[in-house]
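Dear colleague,

Please find below the structure that I am passing on to you. A short account of the findings follows it.

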Amino acid sequence: MAMEVTQVLLNAQSVDSTVRKHAEESLRQFQEQNLSVFLLSLSGELAGEDKPVDSRKLAGLILKNALDAKEQHRKYELVQKWLALDVGVKTQIKTCLLQILSSPVPDARSTASQVIAKIAAIELPQKQWPELIGSLLSNIHQVPAHVKQATLETLGYLCEEVSPDVVDQDQVNKILTAVVQGMSANEGNNDVRLAATRALYNALGFAQANFSNDMERDYIMRVVCEATLSPDVKIRQAAFECLVSISSTYYEKLAPYIQDIFNITAKAVREDEEPVALQAIELWSSICDEEIDILEEYGGDFTADSDVPCYYFIKQALPALVPMLLETLLKQEEDQDLDEGAWNLAMAGGTCLGLVARTVGDDIVPLVMPFIEENITKSEWRQREAATYAFGSILEGPSPDKLTSIVNVALNFMLTALTNDPNSHVKDTTAWTLGRIFEFLHGSTVETPIITPGNCPQIIRVLLQSMNDAPNVAEKACGALYFLAQGYEDIGSASPITPYFQEIVKSLLSVTDKEDAGESRLRTAAYETLNEVVRCSTDETAAMVLQLVPIIMTKLHQTLEAEKLSSDEREKQNELQGLLCGCLQVITQKLGASEPTQYAFMQFADQIMNLFLRVFACRSATVHEEAMLAIGAVAHATGPDFAKYMPELYKYLEMGLQNFEEYQVCAVTVGVVGDICRALEDTVLPYCDGIMTQLLKDLSSNQLHRSVKPPIFSCFGDIALAIGENFEKYLMYAMPMLQSAAELSAHTSGADDEMIEYTNLLRNGILEAYSGIFQGFKNSPKTQLLIPYAPHILQFLDSIYMEKDMDDVVMKTAIGVLGDLADTLGSNAGSLIQLSLSCKEFLNECLSSDDHLIKESAEWAKMAISRAISV
Amino acid sequence: MAPHDLRRPFKRPAISDQQRRRDLSLLRQKQNRLDAQRRARCLASSVLSFQSEPKPPSQEQSHFELELELEIEPDAEEHQGPATTYDVRQASKLRGTEARRWFAKQLMLPEWMIDVPPNLNTDWYVFARPAGKRCFVVSSNGTTVSRLRNGILLHRFPSALPNGARINNVSRSSQSYCILDCIFHEPDQTYYVIDMVCWAGFSLYECTAEFRFFWLNSKLVEVGVCDTPSTFHKYRFATVPVYNCDQEGLQTAYIGPVPYIKDGLLFYNKHAHYETGNTPLALVWKDENCSEYVIDTDSKGQVPNQQQLVLELQDDGRLATSDDPSVIFGWLNEDFIQKTGLHAGNLLRFAVNDGGLSFVDGKLEKADLQYLGQSNRARAFADSYSKVMFQYIVRHSPLKIEHLFASIGPLGDGDIASHDVEMAA
């Protein structure tokens, strides 16, 4: 048997696919038939010093995959299977794995480390394997360096896999002591030191208490800083990674060390090898991230409390930090704009400069301007590009007051450079900078307009001209045009874009047809810009938007004609269909927003729907998200006439609702069901059995991404509002589901921000469902069917009010539900309502809210209640 | 423990257009859901039925004589149409006769106070009624329209009421209309708001007067309707001070100064809903001190020697008040109806002869009436029983302010019921 396993594992790595597949199949059968023996064999294989390295590694890998999976429910299944195994078997495997840490073969040790960490992740939260950490730590004092190295690596993986709260502080202290000692300069073996440094990176999350202790923190910081000076580049890089992580995890503890950190990073940026220098820049980017978050939380109100105070490290470091970053800008690589994976010193430095500008605002401008002025006219392209990039980077952050006069001078220069500069790299950055100017300094909120009737025509002309440049330049020009159009979003009738609308649309369409439009995501950028130009267009150009419909339809039609596509071609077709459906969606939504254009749009509705259905039919099992999204817009535009598409569309709706894997598709389909309900009202009834069944299945599934569940509840409301008392037959299924979800979401004690946010989304969905159901049943003789649910719903409202953590959206919906309940049940619920907390404190709180939507709902609720209790 | 990827987005806008498409779709769906919800909440609660079926004649019979005087030309106009139900938004689009007929049915009409109701001091409000034209003010679709009691259009104008003017106010949906019960006071060209029926699409029909007055006072101020007129707000609106009907309240309403000409006092029961048509839960009372028009005048503004009243001719020739159920004051014989070409639904004017009105056990027993002719065509209704009675007692033994004060009693000395101790839990 043992021999057999080795051969099967080797076969599973064979180049011959038949052999490989056969081997994989036998492994799978083995796993299914007898998991205990399977796992024992694999651990034995991994332990076998006489076995080939390849089979040992694969054995370890398969063992690891039998313990964990990315997908949540699969992961849960695997965990349960491991926990159910015989204790003897598990002990045997674990003992075996710990022994492998002493193996002379590095790959075997490393693989075993990872498997041990996976088992720890399962067992430690269950209070099992209590001796693990102790036995690992005893290894640290063993003489052979490779055992020490493997043990530190295991501790690193363990810290990565296990949540800090399942390891008690005493053990944390021991782990950290071992790790930090291992990375100190006294450790003579570089492999050990590197393993320790990498382990610390993962252990930092466990060090909360230790970072609060001055002495321990000083010690850790000293060792980490020393490690950044190690002669081994890998150790230096790993040490900087630790520093980056410390700077965000323990931002509030950095003050005593910031000067040293600056010195170390400055030296690294200027002198060290690129991987190390990039980490050094990243450290300052992370500090910017922290300070931007903190300052955002202050919300401009500096008297407000934030959990963490801002130490203004960036502001203090500014005079030295900015010159250091500007130097990096001159270290561009040729053709970095053409390589999507590129990441170098100049890119990292410019990105950091942008973050610094966002952190400090106006202060950065005088520090950067001399660099720009000195370099922007130089003959060397690197200098011109660096100057332009520096300029583009500081456009977000400083106030428009500070920037407007500079931008006014620069704008002409930029337009000329975009037309005439001989270097494509400079043009690329110039077009990008123009886009940034329009993004941050143009729009209805900016007081002094950068774009005037005088320069607007020239700007448009230059940008359209650049559409014919190299794809990377043209793509940036599209981006600039995108923000140019966006700035006129709220302008109303007299948009300066209007006279050029036709020309812009024509240019963008011809860009999409260019042969090289597939490069640098140019085609995508052109369609996205077209979308934005359409979104921001005014009534005057509505006729031209309408003319776009048949043009885009023809393009979509063409994609459907292609036959016998290779998988690569199919992927491209799919992407192009996405862009075209997206464009049709934007146009439909635009035309559907006002009555005359909506009417004109109707002439195309049949053809468009026919195309969308064919797009769906192109694919066997999945639904095209963009097409689905577009269908929602059509349903909204056509209203009750949409009924005629339902017989054919229905199966795709069902397919979309069943798509657990691509949860976005499922979410979009749920939204479209809502659109259809509002369009069809009670004529949607014949489809509701199927839709409701699917939605209920979705809710019960633990495979479906949780973000889709709140919209599903809201969709119940949409359906109930559309079909009214016909919702009766779904009450017995929907209500218990709503009720148990309501119970789960009533309390959030101990949850983190993200969980509270999700809980509020869930509450909102539940409440929208109740709202729709109550309103749907209003004035129906079947209203009394809802009476039994009223006590629970009122209780739910009371408990979320008491919890004091609902957001404004939930507040608005919740108080509305109180009104809906009173409105529909009337005097039947009068006394019940009067007993609730919601109709007193909560209602009063909402009535005095500053949010006019909350207030409006509350006023309505007050009236409904007043009617219910006065009858 | 792979080193983490430190690449950051480079020269890329932070938001992708695909995400923007999703977000904007979600936003549209959210807005549409909100609209659907609003529509559902406003619907039905504001559907007022247009009752066109005349009530079957009451079985009550009275006997009195009629003397014929005038030849009257037939009037074909006032036929009732088929029963139709409009909600207010649909009704606001009605034109001409239809609109008049609809709106004529929607006002709450106070009865005249011929007896002091019990618990006046605890259950009632009192306020001085402004002299002027009673009307509905309806704001919808960016315009405001006022209609008189008979449904005739008074003004069409922009106002600061929700949806009352065409200004760029995107947040207002088409459902957001208002109906106010007002009196238009000519001297200062002001609409005095005496009641609120719908506000921003929400119906207040089934709310108590207490709630409606509270709402009225807070909302009008909030939207700036009481501000000085401007381009988008042509007429001034004002609220009327409303008092609890205790000694002090009644006193203030009766003699206290107000910026308008008083025309009697209005009494509203605090717990009453807004009901269309005549209701005994709102009462009007007047004397010479608080009204210029205590006794009805004729078309020339003179007080006629004899009390006049308007009654509606029914199918069987009986003459009815506008009450529901109506009170029958007598009948016309068939000969006379044929001769004069009158038909059911006509409003006829009569004078009370010297025989007067006689009562048995508080019920009208006999009325000595004289036919004068058809009433003014602008009239939409016959007189109510309480109006006739009030006019009658004003001419004979008026209900005086002293009676009202007496029924309230001095402070702390109300009727026995008010001495009952309420057991609060």
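The notes below treat the interface and then the nonpolar cores.

This is a predicted model, in which local features need pLDDT of at least 70 and side-chain atom pairs count only at pLDDT 80 or more, while totals for chains, interfaces and linings use all residues. Residues are numbered from 1 along each chain as its sequence is written, chains are lettered from A and ligands numbered from 1 in the order in which they are written, and side-chain values use heavy atoms, with hydrogens and water left out.

Chain A brings 82 residues to the contact and chain B brings 44 (contact means heavy atoms within 4.5 Å). About 5,500 Å² is buried between the two chains, with carbon and sulfur atoms giving 51% (the accessible area, 1.4 Å probe, lost on putting two parts together, summed over both). There are 13 salt bridges between chain B and chain A (a side-chain nitrogen of Lys or Arg within 4 Å of a carboxyl oxygen of Asp or Glu). A:Glu625 forms a salt bridge with B:Arg22, their closest N and O atoms lying 2.5 Å apart.

The largest nonpolar core has 387 residues, of which A:Trp284 and B:Phe267 touch the most other members. Such a core is a set of buried Ala, Val, Leu, Ile, Met, Phe, Trp, Tyr and Cys residues joined through side-chain atoms within 4.5 Å, where buried means under 20% relative accessible area (1.4 Å probe, protein chains only). Apart from this core lies another of 22 residues, including B:Leu311 and B:Phe350. Leaving aside neighbours within four places in sequence, A:Trp284 contacts residues including A:Ile258, A:Phe262 and A:Cys352.

Yours sincerely

Notes:
Buried < 20%, exposed > 50% of the residue type's maximum accessible area, 1.4 Å probe, protein only.
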